[in-house]
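Me: Can you walk me through this structure? Keep it quick, please.

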Amino acid sequence: MINMDVLVLTDTESETSVEQLESKSVKTYSFFQVEANDCLKDNIDEDSKYKDYEVRFQAEIQQWKALYFEAYEHMKRSQESNLIIDRNILSADQLVYLQNAPSPQVFVRDALDFRRKFYLFRETKYAEIRDMLDNLRDLCEQRLSLIMANEISDNFANTKKNEIVS
């Protein structure tokens, strides 16, 4: 025997139809249509999900704060403690090298002195050298011009002699 109270679902493209055979009534729902009764159960679930998320989020914020303060305290403790170099692991040559090594202040002082001397050289000696090079270039150009003028005059003189002889 066939049970006639069973709902028949018929799907069409964007709609779902529910038909009851004995009452011959047809109800059609669109996927985009929302009814309050259908969403009431979903809203209760969403509220509990939101509260769970909020609780987890607050716990995570507390964990990050604890991690931040722990890292800050660790950094503060490491700055306070003085680092001691164990010289027992160094060889005798390395110890002598460390004892004779210049201090950073001496290195900086020497570097500044070197820079001062470099700037002084650049401003005075290099300028003098540039002037001497410029003068030498001018002299070479004058000498070349004189040689060329002599050659030209010799060529003219030879040309005039050849014209007179002919």
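**Rings and surface**

Me: How exposed is Tyr53?
Reply: Tyr53 is partly exposed, because its relative accessibility is 45%. Buried means under 20% relative accessible area, exposed over 50%, and partly exposed in between (1.4 Å probe, protein chains only). This is a predicted model: local features need pLDDT of at least 70, side-chain atom pairs count only at pLDDT 80 or more, and totals for chains, interfaces and linings use all residues. Residues are numbered from 1 along each chain as its sequence is written, and side-chain values use heavy atoms, leaving out hydrogens and water.

Me: And Phe57, what's its relative accessibility?
Reply: Phe57 comes to 40%, so Phe57 is partly exposed.

Me: Where do Tyr53 and Phe57 sit?
Reply: Both are in helix H1, residues 36–80. They are four residues apart, about one turn of the helix. Helices (H or I, at least four residues) and strands (E, at least two) are DSSP runs, numbered from the N terminus.

Me: What about Tyr68 and Phe69?
Reply: Their ring centres are 5.4 Å apart and the planes are at 65°, so that pair is edge-to-face. Rings of Phe, Tyr and Trp (its six-membered ring) pair if their centres lie within 6.5 Å; planes under 30 degrees apart are stacked, over 60 edge-to-face, the rest tilted. Tyr68 is exposed, at 55% relative accessible area.

Me: How many aromatic pairs in total?
Reply: Three. One of them is Tyr53 with Phe57, which is stacked: 6.0 Å centre to centre, 15° between the planes.

Me: New topic. In what order do the elements run?
Reply: β-β-β-α-α-α from the N terminus. That is three helices and three strands.

Me: How much of the chain is buried?
Reply: 2% of its 166 residues.
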